Amino acid sequence: MTSSTGVLPGLLDTDAIRKDFPILDREVNGRKLAFLDSAASSQRPRQVIDAMSQYYERHHANVHRGVHTLAEEATALYEGARDKIAAFINAPREEVIFTKNVSESINLVANLLGTADEPYRVGPDDEIVITEMEHHSNIVPWQLLAQRTGATLKWFRLDDEGHLDLSDIESVITDKAKIVAFSVASNVLGTRPPLEQIIRRAHDVGALTLLDAAQLAPHAPLDVQALGADFVGFTGHKMLGPTGIGILWGRQELLQDLPPFLGGGEMIETVTMEQSTFAPVPYKYEAGTPPIAEAIGLGAAVDYLQSIGMERIAEHEHALTAYALERLKEVEDLRLIGPTTAEERGAVLSFTLGDIHPHDVGQVLDEQGVAVRVGHHCARPVCLRYGIPATTRASFYLYSTPAEVDALVDGLQTVRRFFA
Amino acid sequence: MKLDSMYQDVILDHYRNPHGKGLRDGDAEVHHVNPTCGDEITLRVRLGGADGQTIEDVSYASQGCSISQASASVLNDLVVGHTVAEALATGDVFLELMQSRGHELDRSDEELEEILDDGIAFAGVAKYPARVKCALLSWMALKDAASQAVQKEQERKSA
């Protein structure tokens, strides 16, 4: 592939970047792979794979236990990863909790709020606020909390253009609200809602806020202190890291006040047969042997992202999204679901193609080496909102190229001919 | 294109002109979904015949991919006019084919064609694990609806 740098302003040197991602060299069904499914899970650079294998080959032992050399090396690598991630989101290291994924991060908070003391405890007279735009990870934990506590679940609706309708913000977030949880970037629509307005309203009525940043942390600078939220969750495998590792960030004084969640080794201070006292944060929320190699892998991913620069990555994806939006207009019967301009949106494009089912679209695209996501993207309410059973979704990342957008457009033309 | 082995003309024909589609009166109704892709089917079975064990009609409203739509159409061809037991036996053979992952079955091609007719066109789908559920959606719904209809019939008789 010839370099597209210079063709579109703002693009990264993807020729150089792609050399770091061995998988992108693959062929699929005899065609060059165009991997347009990073919103589901990104690929990893060699640097991440190497960091994890070096850890296993040279340094593995359990962390925070034992005084032997390997135990100390493993602990230093694991805690070093926490430092890297803390710096990446501009947070003190004590506020960075390792989880399994963003779903676990959100479930953790939802569970804490069900068992916490006042003023955090969610009870029968309280309200939980989410949005219609969420993926299931940020819906179901709150439904479960509402069922368990008798609290009322409320949500912001989506308008026809794929933006959150905040016109009734004062009746959605009332002084009964205890927690307001929402995505800072939609995994289906690409929408990025006005965070400040929602956070301000939540704090005005004394509610906590949780931001699901799974689709933002990989793609743009994330400064949790500047956001002013109480909790932020994201996941490693969407940001060049391994699976099995996620992050929950929370304000330290809040995490100290809240009760523990899972019990076990690592999260305790002292234990008798009758009772225990608990370790300070973040360890209070990391029971048992953690995913050590995965944390180290995520640390290496963060190093990689920062070596490119999050601003530059955001710029690259913005340019590519604008290009894709333009090119997709050439495809007859294609209906974009979500904002139609590259402003205030992420590099995620969901669409329908006439009445051809997304499964069929995805299958014929795969035959041409183009990998996209099809279905309801674990956000079924969004599909219901727009009266569609499912969509086809193309998503971009720092290694995506205009040539891959071209392959998508060509592929869609083939799909239309195939099912004509 | 390799895909042609999955998207046989027979399948595309059934997809474009589905047989028996639409909801009509029935003795039992079920709604099945494929949670991974959002395919849905509402399917009704009407029983009749001397012993009340013959499937007189299978009607359905569905949305989904070409594979799930075509499969419902083929199902309609294969089971209407047959007894519930025959229909379920045909369904078992179809299931066997779909779980073959493209490997040879113990049955001969002639025997399969005899039982499944247009249904053998789905052999190619078996090589795509993600799509097998699409092909089986209507058959699972039929199994459920038929057993409910039979149960109702028995309750009616014993009442």
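The lining of the second largest pocket has nine nonpolar, six polar and three charged residues. This pocket belongs to a predicted model, and its volume is about 320 Å³. Of the 18 residues that line the second largest pocket, those closest to its centre are A:Asp355, A:Ile356, A:His357, A:Pro389 and B:Gly64. Two elements give two or more residues to this lining: β15 (348-353) of chain A and β3 (54-63) of chain B.

B:Gln53 lies in the loop between β2 (39-48) and β3 of chain B. Is B:Gln53 buried, exposed or partly exposed? Its relative accessibility is 23%, so B:Gln53 counts as partly exposed, since buried would require a value under 20%. B:Gln53 and B:Lys157 are 104 residues apart in sequence, and their C-alpha atoms are 12 Å apart in space.

Next comes the largest pocket. Its volume is about 400 Å³. It is lined by 16 residues, and the closest to its centre are A:Gly362, A:Gln363, A:Val372, A:Val374 and B:Ala130. In chain A, the elements that give two or more residues to this lining are α12 (358-367), β16 (370-371) and β17 (373-375), and in chain B it is α5. By class, seven of the lining residues are nonpolar, four are polar and five are charged.

Rolling a probe the size of a water molecule over the atoms shows where empty space is left. How many cavities of 30 Å³ or more does the structure hold? There are four. The largest cavity has about 110 Å³ of space. Its lining includes B:Ala87, B:Leu88, B:Phe94, B:Leu136, B:Trp139 and B:Lys143. The elements that give two or more residues to this lining are α3 (84-98) and α5 (129-158) of chain B. With six residues, α3(B) gives the largest share. Eight residues of the lining are nonpolar, one is polar and two are charged.

The remaining elements are in chain A. Strand β9 (residues 208-212) of chain A is mostly covered, with five of its five residues buried. A:Leu208, A:Leu210 and A:Asp212 point one way from β9(A), while A:Thr209 and A:Leu211 point the other way.

What are the partners of β9(A)? One is strand β8 (residues 177-183) of chain A, which pairs with β9(A) in the parallel sense over five bridges. Here A:Ile179 stands opposite A:Leu208. Strand β10 (residues 231-235) of chain A also runs parallel to β9(A), joined to it by three bridges, and A:Val232 in β10(A) stands opposite A:Leu211. A helix is part of the arrangement as well: β8(A), helix α7 (residues 195-204) of chain A and β9(A) make a right-handed β-α-β unit.

The last stop is helix α14 (residues 402-418) of chain A. It has 17 residues and reaches 24 Å from its first C-alpha to its last, close to the 24 Å expected at 1.5 Å a residue. Which residues of α14(A) are buried? Among them are A:Val405, A:Leu408, A:Leu412, A:Val415 and A:Phe418. An α-helix has 3.6 residues a turn, so residues three or four places apart point the same way. The buried residues of α14(A) also include A:Pro402, A:Glu404, A:Val409, A:Gly411 and A:Thr414.

Terms used
Residues are numbered from 1 along each chain as its sequence is written. Chains are lettered from A and ligands numbered from 1 in the order in which they are written. This is a predicted model: local features need pLDDT of at least 70, side-chain atom pairs count only at pLDDT 80 or more; totals for chains, interfaces and linings use all residues. Side-chain values use heavy atoms; hydrogens and water are left out. Helices (H or I, at least four residues) and strands (E, at least two) are DSSP runs, numbered from the N terminus. The expected span of a helix is 1.5 Å times one less than its number of residues. Buried means under 20% relative accessible area, exposed over 50%, partly exposed in between (1.4 Å probe, protein chains only). Two strands pair if DSSP finds at least two bridges between them. A crossover is right-handed if, with the strands pointing away from the viewer, the path from the first strand over the helix to the second runs clockwise. On a 1 Å grid over the protein atoms alone, a cavity is a set of points where a 1.4 Å probe fits but cannot get out, and a pocket is an open set with protein on both sides within 12 Å along at least five of seven lines; lining residues have an atom within 4 Å of a point. Grid points are joined across faces, edges and corners, and a volume is the space filled by probe spheres set on the points. Ala, Val, Leu, Ile, Met, Phe, Trp, Tyr, Cys and Pro count as nonpolar, Asp, Glu, Lys and Arg as charged, and the others, Gly among them, as polar.
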